[in-house]
Amino acid sequence: MKCAQYGEHQASTRRLSTVTMATAATILDDIDDKFCQCCLCFEQYEDPRQLPCLHRYCSKCLDKEIKRNRGDLKCPLCQQEADVPKDGAQGLKKDFFMNEIIEFLDIKKSFQDEETHECGDCSKIGKARSYCFKCSEFLCDGCHEYHMSKKSLKEHRPYLLTLKDVKSKSLTLQKLSSLKQAPMCKTHPDDVSRLCCKTCDNLPICLACTYGGHKSHEIEDATSLATVKREDLRNRLAILTESKDKIEQEVEKTLQMQKEVVATADTEITQLDHDAGRELNEIGRALETVSEERSNASRQIRDKWEGERERRQQTLEERIKRFRKEHEEMEQKFENDMNTNIRKSNETYNKKESKLLGKQENVERQLREGKGLISQARGSKLGKTEGAIVNGKSTIERMQNLIETGSNILVSENNWTAIQNADRVCAASEPLIRELEGKFPGLDKVLEYPQVRLSPGRAEKMKVSDEPVIEVAIEDITRKEWYITGVAAAPDGTVVITGGTGGPQAHISVIKLDGKISKQKLIGRVGRYPYCFCAYFRNTEFAIAARCNATIGLYNADNNSYHSTDLSKVIYKKMEILSITADGSNDHIIAGCWNDPILYVLNGKLQLTRTINLPQIIKSPREIVVNNGAIFICCESSKSAYAANMEGGLLYELTKPVTAIRTVPFNVCTGNNGSVYVLWVGGDFISSSEIDCVITQYNPDDGSLLTTTPVRAVAGRIAAAEIDGAEKLLLASQFGGMLRVYGLEEDQ
């Protein structure tokens with residue numbers, strides 16, 4: 001029952017506040033009894049007192065709360081703590097505004113009920129015609145006319161409230177305030193208090209008091225002080241109103257973001273279902289192909305041996321009588337040979353089928369785990385947005401209470417209402433304003449989900465051909481004695497090389513496998529070391545990095561266009577870029593610098609989005625490549641290769657190859673089957689013309705070494721490319737312009 005009454009009380013308060021702020025001319029007509037009810041005792045306020053939070057209660061109700069809380073006091077509505085004066089609730093500020101409203105309601109009710117009263121002048125009992133606030137008495141018709149006509153009572157006329165005024169329903173809070181005369185001086189009851197003693201907590205005093213007990217106190221004119229207080233309050237309310245509007249906008253944005261969180265999660269799951277379905281379909285088709293090939297192979301072997309048996313049988317039939325025993329032995333031998341070949345064939349296809357089934361199981365497992373991660377992240381993000389919305393709405397309610405209370409004070413023209421209440425509203429607004437100096441809780445990353453990508457599983461062992469299948473000298477590079485410091489390939493087979501020209505410029509060249517250059521772009525002045533590195537990004541775009549002037553750009557191999565940005569002007573430090581890699585599916589371009597253990601991540605608009613702090617063991621990333629959420633790094637300082645996650649955590653160190661010469665990791669690339677290939681070189685790469693190279697293949701899941709292939713060639717850069725429907729490795733020499741293509745086949 002009390003909850004229902006409290007709800008009605010709050011609704012009444014909101015209606016009154018709306019009228020106060022919208023149409024002050026009709027506010028008093030909208031006031032009902034519930035607005036003046038204490039929400040603790042649900043009776044009309046009796047000696048109402050205001051807490052620092054501006055909520056009001058009966059003084060007796062507050063004393064009960066103080067007693068119940070053993071001397072402490074919290075606002076029952078907003079739970080804000082309040083200091084308890086020595087004399088309890090009597091020491092709290094009186095609510096002058098509510099007292100005016102209650103006094104008006106009592107007078108209004110008396111008029112409406114046509115109650116009889118003793119006239120304040122003639123003492124006759126009858127219906128009241130008016131009420132004199134200066135006399136604080138009801139007046140009959142005769143005495144009312146006497147007040148209006150007698151010159152000696154001229155000062156009483158502005159303070160008369162008539163029955164006609166009440167019935168007209170045109171009485172406003174502003175008019176009611178004007179009917180109330182200034183309080184009388186407590187020390188000199190016959191004098192009106194036109195001054196205010198700030199030393200005595202804004203106590204109303206008269207002019208005579210300034211020569212008595214308040215002689216050395218800080219005195220202010222009541223009208224001037226009220227004007228200052230109103231202006232201060234008006235400024236505070238403007239700040240609160242502006243802040244309230246901003247938070248309401250933030251809450252609305254957060255509600256919209258909450259909808260986007262759900263939509264983004266659904267989109268991610270749909271995309272994951274689509275990717276997994278496509279992968280499972282490919283595996284299913286591969287299984288059907290293996291089954292069909294198995295049947296065809298068995299049939300061909302059977303047909304072959306059956307034909308051979310028939311031919312032999314025809315030959316033996318002529319000598320069957322003499323060679324029956326030989327025929328039986330040979331028959332048995334052919335049968336055994338046939339079964340042996342079929343068994344070997346089945347073993348080969350069983351291995352292929354087992355690998356495909358393993359991949360299928362891996363994809364299904366990753367699908368289950370990926371959906372679980374996304375669902376868990378969605379729940380967490382929805383919880384964050386709900387918390388932000390609840391906090392925002394709570395802050396808006398607190399602001400609304402302050403704005404409504406302050407607006408009521410501003411509407412009132414009673415100076416003492418402003419003097420007694422403005423400071424409290426301003427004080428209550430201080431902690432809210434300080435809270436609002438901080439930004440509304442940011443949810444910038446609420447739409448980010450854990451990157452769930454389908455891992456290809458354990459990579460197959462691949463054997464590198466002993467000799468290159470293609471070996472060409474790139475015509476312009478060789479003829480002009482330029483050099484190569486970068487090589488990359490797109491999925492469609494487009495090959496791009498980059499490097500220096502011997503001068504201050506660098507070149508970007510699109511080449512064919514016959515050694516001819518189809519497109520070429522010369523870029524900028526790239527410094528005293530015009531090294532230029534490249535990595536495939538997406539579509540027909542390649543990420544380009546120039547070492548000395550720290551520029552990172554995008555080159556379009558389709559239209560030969562190029563644009564770039566200077567990373568050093570964003571980082572504000574001198575830097576030399578040594579390596580670059582790209583992940584177009586996640587809109588990442590990642591650069592590593594000489595003698596700098598930090599990787600710099602840019603987006604497709606060449607804007608720096610974040611940095612990755614590498615493990616302490618990695619001081620200078622010579623070469624980097626991204627593969628399925630991991631970064632593989634050739635470290636120049638430690639002469640080792642490592643794998644790290646996208647947050648910079650060390651995953652493992654790659655096993656060094658065992659060779660007859662000392663080698664260092666110089667370049668790294670990834671293959672279509674998920675393998676990681678590292679080019680290890682021996683000797684002095686800059687001065688030597690004959691360098692022993694080693695190509696190692698690693699499984700990206702655990703960094704295990706799969707294959708080691710020595711290569712006798714001059715090489716400094718490696719890349720994987722799709723050529724003639726099969727994956728191959730490209731090895732480019734820094735000097736001489738030589739490009740060698742090595743074949744790859746599964747190592748049984």
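**Entry 1**

Strands and helices here are DSSP runs, numbered from the N terminus, of E over at least two residues for strands and of H or I over at least four residues for helices. Two strands pair if DSSP finds at least two bridges between them. The model is a predicted one, in which local features need pLDDT of at least 70 and side-chain atom pairs count only at pLDDT 80 or more, while totals for chains, interfaces and linings use all residues. Residues are numbered from 1 along each chain as its sequence is written, and side-chain values use heavy atoms, with hydrogens and water left out.

I noted C58 in strand 2 as the bridge partner of P48. Helix 3 (residues 59–68) packs on the sheet, touching strand 1 and strand 2, where contact means heavy atoms within 4.5 Å. The direction of helix 3 makes about 90° with that of strand 2; axes are lines fitted to C-alpha atoms, for helices over the stretch in contact, and angles run from 0 to 180 degrees between N-to-C directions.

I then took the sheet as a whole: 3 strands form an open sheet in the order 2-1-5, with antiparallel pairing. Strand 2 (56–58) and strand 5 (93–94) are at the edges with a single partner strand each, so one side of each has no neighbour in the sheet.

**Entry 2: R49**

I found a polar contact of 3.1 Å between the side chains of R49 and D47. A polar contact is a pair of N or O atoms within 3.5 Å; within protein, one must be able to donate a hydrogen and the other to accept it, and residues adjacent in sequence count only if both atoms are side-chain atoms. A polar atom of the R49 side chain also lies 2.8 Å from the backbone oxygen of L92. Leaving aside neighbours within four places in sequence, R49 is in contact with residues including H55, Y57, L62, K93 and D95.

**Entry 3: helix 4**

I checked the length of helix 4 (residues 96–112): its 17 residues should span 24 Å at 1.5 Å a residue, and the end C-alpha atoms are 24 Å apart, which agrees. The expected span is 1.5 Å times one less than the number of residues. D95 caps the N-terminal end, with a side-chain oxygen 3.1 Å from the backbone nitrogen of M98. Among the buried residues of helix 4 I listed F97, I101, F104, L105 and K108. E114, with a positive phi near 55°, follows helix 4.

**Entry 4: strand 25**

I moved on to strand 25 (residues 588–593), where 6 of 6 residues are buried. H588, I590 and G592 point one way, and I589, A591 and C593 the other. Strand 25 pairs with strand 24 (residues 577–583) in the antiparallel sense over 6 bridges, and H588 is the bridge partner of D583. Their hairpin has 4 residues between the strands, and D587 takes a positive phi near 60°. Strand 25 also pairs with strand 26 (residues 596–602), again antiparallel, over 5 bridges; A591 stands opposite Y600. This hairpin has 2 residues between the strands, and N595 in the turn has a positive phi of about 55°.

Methods:
Buried < 20%, exposed > 50% of the residue type's maximum accessible area, 1.4 Å probe, protein only.
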